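Here are my notes on this model.

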Amino acid sequence: MPTTADFERMLRGAKLRVTRPRVAVLTAVHDHPHADTDSILGVVRADLGTVSHQAVYDVLRALTGAGLLRRIEPPGSVARYEARVGDNHHHVVCRSCGALDDVDCAVGTAPCLTASDDHGFTIDEAEVIYWGTCPACSTAPSS
Ligand SMILES: [Zn+2]
Ligand SMILES: [Zn+2]
């Protein structure tokens with residue numbers, strides 16, 4: 001588990017000033033992968049006391065912009081954040097309850113990840129979301 005010193009090092013490495021809210025948000029997202037803004041706010045408040053929604057939102061934006069956090073926003077869902085960055089992994093999302101989990105990069109040949117026509121773009125990421133029904137929802141009695 002990374003320590004506060006590790007998170008401070010990550011911030012400095014990304015040329016961001018080390019502040020308590022930034023360290024608290026990094027720690028919260030690391031401990032609660034795929035948390036939404038409100039959950040992160042709750043964890044950060046439990047840690048630091050009073051912090052405004054806007055402050056946490058600004059920190060999330062700065063950390064995402066610096067590449068320390070990744071923002072995931074499946075259509076129809078609120079934005080979630082995770083500290084697992086840089087490996088281009090994918091997500092599986094439950095259509096019913098919105099549960100979300102990590103899926104490692106598609107194995108084998110994945111022709112759909114290679115654009116048939118890149119329109120002249122330099123492509124560095126393919127975002128894949130697998131939609132389905134999570135185990136809890138598929139075993140729940142339908143009402
Ligand atoms: Zn579900
Ligand atoms: Zn993830």
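**Notes on the fold**

1. Strand β1 and strand β3 (residues 80-82) run antiparallel and are joined by two bridges. Within this pair, A35 sits opposite Y81 of β3. Strands here are DSSP E runs of at least two residues, helices are H or I runs of at least four, and both are numbered from the N terminus. Two strands count as paired if DSSP finds at least two bridges between them.

2. The model is predicted: local features need pLDDT of at least 70, side-chain atom pairs count only at pLDDT 80 or more, and totals for chains, interfaces and linings use all residues. Residues are numbered from 1 along each chain as its sequence is written, chains are lettered from A and ligands numbered from 1 in the order in which they are written, and side-chain values use heavy atoms, with hydrogens and water left out.

3. The sheet is open and has three strands, ordered β1-β3-β2, with antiparallel pairing. Its edges are β1 (35-36) and β2 (70-72), each of which pairs on one side only.

4. How do the axes of helix α2 (residues 20-31) and helix α4 (residues 53-65) cross? They come within 10 Å and cross at roughly 75 degrees. Axes are lines fitted to C-alpha atoms, for helices over the stretch in contact, with angles from 0 to 180 degrees between N-to-C directions. α2 is therefore roughly perpendicular to α4 (the class covers 65 to 115 degrees).

5. On the α2 side, the contact (heavy atoms within 4.5 Å) is made by P21, R22, V25, L26 and V29. On the α4 side it is made by V56, V59, L60, A62 and L63. By class, this contact has nine nonpolar residues, no polar ones and one charged. Ala, Val, Leu, Ile, Met, Phe, Trp, Tyr, Cys and Pro count as nonpolar, Asp, Glu, Lys and Arg as charged, and the others, Gly among them, as polar.

6. T50 lies in the loop between α3 (37-48) and α4. Its relative accessibility is 82%, so T50 counts as exposed (over 50%; buried is under 20%, partly exposed in between, with a 1.4 Å probe and protein chains only). T50 and R12 are 38 residues apart in sequence and 25 Å apart in space, C-alpha to C-alpha.

7. The chain is assigned domain 1 (4-72) and domain 2 (87-139). The bounds come from an automatic or database domain assignment. The domain centres, taken over C-alpha atoms, are 25 Å apart.

8. Overall, the protein chain has five helices and six strands. Of its 143 residues, 27% count as buried.

Terms used: Parallel < 35°, antiparallel > 145°, perpendicular 65-115°, else oblique.
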